[in-house]
Amino acid sequence: MISVSNVTMRYGARILFEDVSTAFTPGRRYGLTGPNGAGKSTFMKILAGELEPQKGNVVRPRKLGVLRQDQFAFDAYRVLDAVIMGNKPLWAALEERDRIYAKSEMTDADGMRLGELEGVIGDEDGYTAESDAAILLDGLDIPEPLHERQMAELQGGQKVRVLVAQALFGKPQALLLDEPTNYLDLDSIHWLQDFLLGYDGTLIAISHDRHFLNSVTTHTADIDYQTIITYTGGYDDMVMAKTQIRSRLESEIAQREKKIAQLNEFIARFAAGTRSSQVTSRRKEVERLQSNELARSNIQRPYIRFDQVRPSGKHVLEFKHLTKCYADLKVIDGFTANVLRGEKICIMGRNGAGKTTLLKSLLANYPGLTDPGFKIDSGSVFWGHEAQVGYFPQDVGATIEHGLTVADWLHRWKPEAHIEDIRGILGQMLFSGEEGAKPTEALSGGEQARLAFCKLILTKPNILIFDEPTNHLDLEAINALNIALQRYEGTVLLVTHDHDLIDEVATRLWVFHDGALEDFQGPYEEWKGKHN
């Protein structure tokens, strides 16, 4: 169990949470939710013992698994060793044993200490540590040839999966996972979900993946109103319960204010008259009913709506025998397809399969979006009549020029737009008031993504192409994007590992599967049924 007593954390005048007391019990799996900036990662660091609260205390179990966010902290270590380091007592015993064996001469004390260390290693399942670590790595799509490599040799997404394995290693009594699905492909996310469903300790996970939270969590600890309230059920259950509670409180306050207004009217009419005792009793009733203002939620929901200046022609895109290789690796091998107006196509596959390469291949001859260093090897791509593409690349920050304000950068994409229209769009995406004057170089990842959405809202293309748009978004923004794409009347090409986006938006799939690129004419549920 992890228990928290009277914990307070604030930055200057801004209170994240105050006098929080709660417990996280074994056998339960908690989602830790709240918008960007609510204090989720701060609270997780407090639970892990990496940050001291300004007030209060935390009781935690001896064996705690923590997903590390620093991808470079273990670059000097072998992949298997990085995983085994998740069990701190075991790793300390192994290191000390190696130091003793490395001595040119051992003393009797060294011999005695070796016996103690072998006992620790045995108790911590150290003799099967490498095979146990290998099983975790295989499940997370880190193949055996990489197990002996240095962490520095791995790509970013692979490092994240190794760090997930590190957190899971050694059968910890509690698991703290901060964004465990970041940079994981859908197959790895599903594997992680299944693994966590069998975990019988205390699990606390921060995630912006709604499907992951709904699939895994039994309870939701929500940071809002400067406190943490725990609800039974997954994310959707929490939202429903929270909305009902809020509505009830607002209704009760409205009734109370109505009663207070009636009493005050009586007092005003008869205060100078002969009914002084009745006036006095009503004043006491007003004092009793007087309530504090209902605490404000810190949740902000963006409003995303994608429109078109004009529709494209019926035939949006046609490409034939598309081929792209990197040295001896053939990523796309003669892929041919036609795209019709209004289709919403999700591009799926494991990390590194070629999803971004496919998007770049389709844009290789589109004016203004061509990557000069990228060429297809063979094949032809034809964009249809009136095709107007809006592109959201994976590295969206690289497309936002520095040295401008947020409003000025957005205005450049449509100089004839009125400043009121620019401000309105920025406000929709939570750049309210003075935030329009914020320098573009000061934007966070989530703000960069929201500003890129502003550009698409302003320019109104009839084809939207997204490459991992949810990477830096909170749940409210992801849900808003989901709804916007469902309602959009244009054509969508979307690379994502978000299960709900794929399930609820896609009408067609291009899937890198079993060494080939499959064109599946139907939604994700049908594709899963075919391949199960």
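The side chains of Arg350 and Asp187 meet in a salt bridge, with 3.5 Å from N to O; the term covers a side-chain nitrogen of Lys or Arg within 4 Å of a carboxyl oxygen of Asp or Glu. Arg350 lies in the loop between strand 12 and helix 11, and Asp187 in helix 7, so the pair ties together parts that are 163 residues apart in sequence. Helices (H or I, at least four residues) and strands (E, at least two) are DSSP runs, numbered from the N terminus. The model is a predicted one, in which local features need pLDDT of at least 70 and side-chain atom pairs count only at pLDDT 80 or more, while totals for chains, interfaces and linings use all residues. Residues are numbered from 1 along each chain as its sequence is written, and side-chain values use heavy atoms, with hydrogens and water left out.

Arg350 also meets the side chain of Asp185 in a salt bridge, at 2.9 Å from N to O. This pair links distant parts of the chain, 165 residues apart: Arg350 in the loop between strand 12 (344-348) and helix 11 (355-362), and Asp185 in the loop between strand 6 (174-178) and helix 7. Asp185 is buried, with a relative accessible area of 0%, whereas Arg350 is partly exposed at 26% and Asp187 is partly exposed at 45%. Here buried means under 20% relative accessible area, exposed over 50%, and partly exposed in between, with a 1.4 Å probe and protein chains only.

A further salt bridge joins the side chains of Arg508 and Asp519, at 2.7 Å from N to O. Arg508 belongs to strand 17 (residues 508-513) and Asp519 to strand 18 (residues 516-520), so this pair ties together parts that are 11 residues apart in sequence. Arg508 is buried at 2% relative accessibility, and Asp519 is partly exposed at 27%. Elsewhere, salt bridges that share partners join Arg78, Asp81, Glu130 and Glu148 into one network. The count of salt bridges comes to 32.

Strand 15 (residues 463-467) and strand 16 (residues 491-495) run parallel and are joined by 5 bridges; Ile465 has Leu493 in strand 16 as its bridge partner.

Turning to the helices, helix 6 (residues 156-168) and helix 7 (residues 186-197) pack at an angle of about 5°, with their axes 13 Å apart. Axes are lines fitted to C-alpha atoms, for helices over the stretch in contact, and angles run from 0 to 180 degrees between N-to-C directions. The two helices are therefore roughly parallel, a term for angles under 35 degrees. Arg161, Val164 and Leu168 of helix 6 make the contact with Ser188, Trp191, Leu192, Phe195 and Leu196 of helix 7, where contact means heavy atoms within 4.5 Å.

Helix 1 (residues 40-48) is mostly covered, with 7 of its 9 residues buried. Among these buried residues are Phe43, Met44, Ile46 and Leu47. Gly49 follows helix 1 and has a positive phi, near 85°.

Notes:
Angles under 35 degrees count as roughly parallel, over 145 as roughly antiparallel, 65 to 115 as roughly perpendicular and the rest as oblique. Two strands pair if DSSP finds at least two bridges between them.
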